[in-house]
Amino acid sequence: MISFMMRQCEFLLVLDYILLEVVTVPDVITVGETMVIFNPSHKGYLRYVDGFTKGIAGAEANVAIGLARLGHNCGYISKVGNEEFGKYILRELKSDGVDVSRVTYDSNLQTGLLFKEMLEGGDPRIYYYRKNSAATSMTFEELDKDYIKQCKILHLTGITLAISESCRDMVKKLVKFAKENNILVSFDPNIRLKLWSKEVARETIKEILPYVDIIFPGISEGQILFNTSDENEIIKHCLDLGIKTVVLKVGIRGSVIATKDESVCVEAYRKLPVVDTVGAGDAFAAGFIAGLLEERSLTECGRLGAIMGALAISALGDTEGILEKNEILHLFHDEEYESR
């Protein structure tokens with residue numbers, strides 16, 4: 001009798017594992033670094049700030065969280081330190097429904113940190129403490145390729161290209177792997193000049209652009225990559241490289257979205273307050289990608305992205321302002337915004 005019950009328990013455990021694997025097949029996988037962020041308790045130079053709130057930050061994780069809140073299965077791949085900060089990051093991502101089963105712990109390297117400084121009349125200042133962090137040691141060879149093959153879209157950013165040579169090599173191999181396995185590559189240049197020079201950024205990013213299917217540049221990134229701030233020229237350069245969908249972010253005006261057959265302009269969503277501008281682009285990308293997965297029109301994808309971006313900047317922190325799916329869709333069906 002005991003033997004039978006043990007076999008029955010083993011069967012149920014195996015069944016649970018199989019069901020879990022089925023449930024967590026990701027629509028989208030993101031790969032990058034998540035850091036622990038310390039947001040100041042008030043505005044002013046950090047030397048005068050004596051209180052902080054803790055959160056998580058990282059472009060790829062922000063996109064994963066945004067997609068999860070919109071109801072899509074999303075997997076996140078990274079490496080964190082085997083310490084309290086690393087465990088905190090995984091706990092936060094799990095709480096939002098992001099699959100972190102392929103995030104690994106490194107006992108020899110630490111989790112990256114960053115501090116935000118809020119001053120009057122401008123974007124926040126960011127101070128990184130991420131050099132030689134656990135995530136910078138990631139390599140293509142250690143990634144679970146069978147897991148990646150399951151997704152429809154692989155989302156990457158220029159930040160991962162910038163943080164180390166091994167990550168740069170990983171991303172270059174990843175985009176080729178995705179192309180070989182018919183996985184769409186979504187890419188946000190996300191050029192951070194604190195991490196590398198314009199020249200290195202241009203050379204490195206342009207090397208992977210022929211493997212990209214969807215791109216999210218801003219005007220300033222178009223200037224760095226193609227030496228022009230002309231919107232039509234930036235879009236043309238991207239399309240000529242074989243990129244299928246160009247989502248050009250044009251600041252407070254919104255976005256211009258183009259394929260070889262269609263071009264639309266989508267206004268920004270302006271009904272929410274601006275508290276903290278960091279994270280807007282990541283939330284926009286999450287909304288746009290969700291729209292693609294749901295087979296929405298380019299205009300609808302852009303509108304969903306605009307709403308997500310507006311929510312992100314309506315609160316302190318990268319993702320704290322992003323609502324749950326039903327609340328986001330309520331804004332999406334706002335008649336006034338829908339009619340524009």
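In which loop does N190 lie? N190 lies in the loop that runs between strand 10 and helix 7. The model is predicted.

**Helix 6**

- Helix 6 covers residues 165-180, which makes 16 residues.
- From its first C-alpha to its last, helix 6 reaches 23 Å, close to the 22 Å expected at 1.5 Å a residue.
- The buried residues of helix 6 are C167, R168, M170, V171, L174, V175, F177 and A178.
- An α-helix has 3.6 residues a turn, so residues three or four places apart point the same way.
- Among the elements that cover these buried residues are two other helices, helix 4 (145-149) and helix 5 (158-163).
- The cover also includes strand 1 (28-31), strand 9 (153-157), strand 10 (184-188) and helix 7 (198-208).
- Helix 6 is followed by N182, which has a positive phi, near 55°.

**Helix 6 against helix 7**

- Two packed helices are described by the angle between their axes and the distance between the axes.
- For helix 6 and helix 7 the angle is about 25°, and the axes are 9 Å apart.
- An angle under 35 degrees counts as roughly parallel, and helix 6 and helix 7 are therefore roughly parallel to each other.
- On the helix 6 side, the residues that meet helix 7 are R168, V171, K172 and V175.
- On the helix 7 side, V200, T204, E207 and I208 take part.
- Sorted by class, this contact of helix 6 with helix 7 has four nonpolar, one polar and three charged residues.

**Helix 2 against helix 10**

- Helix 2 (residues 59-69) packs with helix 10 (residues 280-293) at an angle of about 45°, and their axes are 8 Å apart.
- That angle makes helix 2 oblique to helix 10.
- The two helices, helix 2 and helix 10, cross in a right-handed way.
- Helix 2 contributes A59, N62, V63, G66 and L67 to the contact.
- Helix 10 contributes D282, A285, A286, I289, A290 and L293.
- The contact of helix 2 with helix 10 has eight nonpolar residues, two polar and one charged.

**Helix 8 against helix 9**

- Helix 8 (residues 219-226) and helix 9 (residues 231-240) pack at an angle of about 60°, with 10 Å between their axes.
- Helix 8 and helix 9 are therefore oblique to each other.
- The crossing of helix 8 and helix 9 is left-handed.
- I219, G222 and F226 of helix 8 make the contact with E231, I234, H237 and C238 of helix 9.
- The residues in the contact of helix 8 with helix 9 divide into four nonpolar, two polar and one charged.

**Loop residues with positive phi**

- N132 has a phi near 60°, a positive value in a residue other than glycine.
- The loop that holds N132 is the one between strand 8 (125-129) and helix 4.
- N132 counts as exposed because its relative accessibility is 54%, and the cut-off for exposed is over 50%.
- N190 also has a positive phi, near 40°, and is a residue other than glycine.
- N190 is buried, because its relative accessible area is 5%, and buried means under 20%.

- D146 is found in helix 4.
- With 56% relative accessibility, D146 counts as exposed.
- D146 and D123 are 23 residues apart along the chain, and their C-alpha atoms are separated by 40 Å.

Technical notes:
Residues are numbered from 1 along each chain as its sequence is written. This is a predicted model: local features need pLDDT of at least 70, side-chain atom pairs count only at pLDDT 80 or more; totals for chains, interfaces and linings use all residues. Side-chain values use heavy atoms; hydrogens and water are left out. Axes are lines fitted to C-alpha atoms, for helices over the stretch in contact, and angles run from 0 to 180 degrees between N-to-C directions. Helices (H or I, at least four residues) and strands (E, at least two) are DSSP runs, numbered from the N terminus. Angles under 35 degrees count as roughly parallel, over 145 as roughly antiparallel, 65 to 115 as roughly perpendicular and the rest as oblique. A crossing is left-handed if the near helix is turned anticlockwise from the far one by less than a right angle, and right-handed if clockwise. Contact means heavy atoms within 4.5 Å. Ala, Val, Leu, Ile, Met, Phe, Trp, Tyr, Cys and Pro count as nonpolar, Asp, Glu, Lys and Arg as charged, and the others, Gly among them, as polar. The expected span of a helix is 1.5 Å times one less than its number of residues. Buried means under 20% relative accessible area, exposed over 50%, partly exposed in between (1.4 Å probe, protein chains only).
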